[in-house]
Amino acid sequence: MSKDKEMSEEDYLKKHLGDLDNPKNIMNNDIPFVAQPKVDNTRTTDLQFFNFDIKELPCGEFYPSGTVFMVRPAQVREIQAYSMVDDNNFYDIVEKMNDILQSCVRVKYPDGKIGSYIEVKDQDRLFLVFLIRELTFQQGNSLTVNSKCSCGEDVQMELKRDNFSFHEIDEKLERYFSASTRTYHFSTVNGREFELTPPNIGLQKSFTDYILKESNEKRTPNLSFLKIIPFMLAGRTSITYEGIKAKLKEFEEIDDISFQFLNAAVGKMTFGIKELKKKCSCGEEVHTDMQFPNGASGIFVIHDAFEAYIKE
Ligand SMILES: [Zn+2]
């Protein structure tokens, strides 16, 4: 198997768990907080959900057409739980973001069925977190990144939907997209057929549990496997530890052509928020990297709340 382009474990986890910046202490899963009480999801009917078209999402085309996202602002208890996020622990950041999605996001399918955050595509997580932020802080509290235009003007870019630009879907993939299954179907020269689609949060959670278990038991996970296999589980929202082990065995016995093909195909499947963009007053569009000012906690924790809210 190809070793030349092998990602480091950290690179892999960054990619697998979403496109977040600069995770530190990535294997430190010793989260020093007590387990949070599970949010009661059954009594949210009286809370106001707003409907959003799936076309707004980076991975919108991978949901059945006619699907609607229902999103509501975060309540104070949810912000309280999120505020305890460990900005240096990548797993904790993803978990806390998932918790917010669990409370604030529903997926409504064209047949009327309602799904949960588990069915949300992993690479839509960050977009939805920022959407929830927008709904939560409608009175302002903007989160901005400063950039400079080539004309010399300072441009303040707010982290909100209007300013996000997404990774574009590789045009080579387009003709293999099936509108009925919302997945890619590939036939390869060695007579194999593959169905690929971006994994959802349910699968991400299963693989995170697997990675943590292997890591705790001092086994080195097969990173190539972890990069590719989540894309090969279309239609599923979870997989057991034994299920992953069985897939690993299959993967390790795969032929060279299939491996090389799958590795390249998954390499083209980077979706989600790519960068921030905004038009300068001179008309030029300014671009800058996606980033979290004040860390991941700063998404819902107001940085200067003391100064903002103290009564002088
Ligand atoms: Zn300018």
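**Close-ups of a predicted model**

**View 1. The zinc site is tetrahedral, with its four donor atoms subtending angles of 105 to 114° at the zinc ion.** Four donors get the tetrahedral label if all angles lie between 85 and 135 degrees. For reference, the ideal angle for four tetrahedral donors is 109.5 degrees. The zinc ion is held by the SG atoms of C149, C151, C280 and C282, at 2.3 Å; donors are N, O and S atoms within 2.8 Å of the metal (3.2 Å for Na, K and Ca), and water is not among the atoms, so sites may look incomplete. Along the chain the donors follow the spacing C-x1-C-x128-C-x1-C. C151 sits in the loop between β5 (144–148) and β6 (154–158), and C282 in the loop between β11 (273–279) and β12 (285–289), so this pair links distant parts of the chain, 131 residues apart. Here helices (H or I, at least four residues) and strands (E, at least two) are DSSP runs, numbered from the N terminus. C151 is partly exposed at 45% relative accessible area, and C282 is partly exposed at 46%. On that scale, buried means under 20%, exposed over 50%, and partly exposed in between (1.4 Å probe, protein chains only).

A note on reading all the views: this is a predicted model, residues are numbered from 1 along each chain as its sequence is written, and side-chain values use heavy atoms, with hydrogens and water left out. Local features need pLDDT of at least 70 and side-chain atom pairs count only at pLDDT 80 or more, while totals for chains, interfaces and linings use all residues.

**View 2. F194 and F261 stack at 6.4 Å centre to centre, with 20° between the planes.** Strand β10 (residues 193–196) holds F194 and helix α9 (residues 256–267) holds F261, so the pair ties together parts 67 residues apart in sequence. F194 is buried at 5%, whereas F261 is partly exposed at 26%. Both belong to a cluster linked by ring pairs, made up of F62, Y176, F177, Y184, F186, F194, F261 and F271. The model has 19 aromatic pairs, counting rings of Phe, Tyr and Trp (its six-membered ring) with centres within 6.5 Å; planes under 30 degrees apart are stacked, over 60 edge-to-face and the rest tilted.

**View 3. The charged end of K213 sits over the ring of Y241, 4.9 Å from its centre.** The test asks for NZ of Lys or CZ of Arg within 6 Å of the ring centre and within 35 degrees of the ring normal.

**View 4. L143 is buried, at 7% relative accessible area.** L143 lies in the loop between α4 (125–136) and β5. Beyond neighbours within four places in sequence, its contacts (heavy atoms within 4.5 Å) include F130, M157 and P293. I302, 159 residues away along the chain, has its C-alpha atom 9.0 Å from that of L143.

**View 5. Two non-glycine residues have positive phi: R182, near 55°, and K218, about 60°.** R182 is buried at 16%, in the loop between β8 (177–178) and β9 (183–187). K218 is exposed at 75%, in the loop between α6 (201–216) and α7 (223–228).

**View 6. Residues 1–7 have pLDDT under 50 and nine contacts beyond four places in sequence.** Residues 16–45 are also below 50, with 71 contacts beyond near neighbours in sequence. pLDDT is the predictor's confidence in each residue, from 0 to 100. Where it is low, the predicted coordinates should not be read in detail. The protein chain has a mean pLDDT of 86, and 85% of its residues reach 70 or more.

How values were computed. Tetrahedral: all angles 85-135°; square planar, octahedral: opposite > 155°, others 65-115°.
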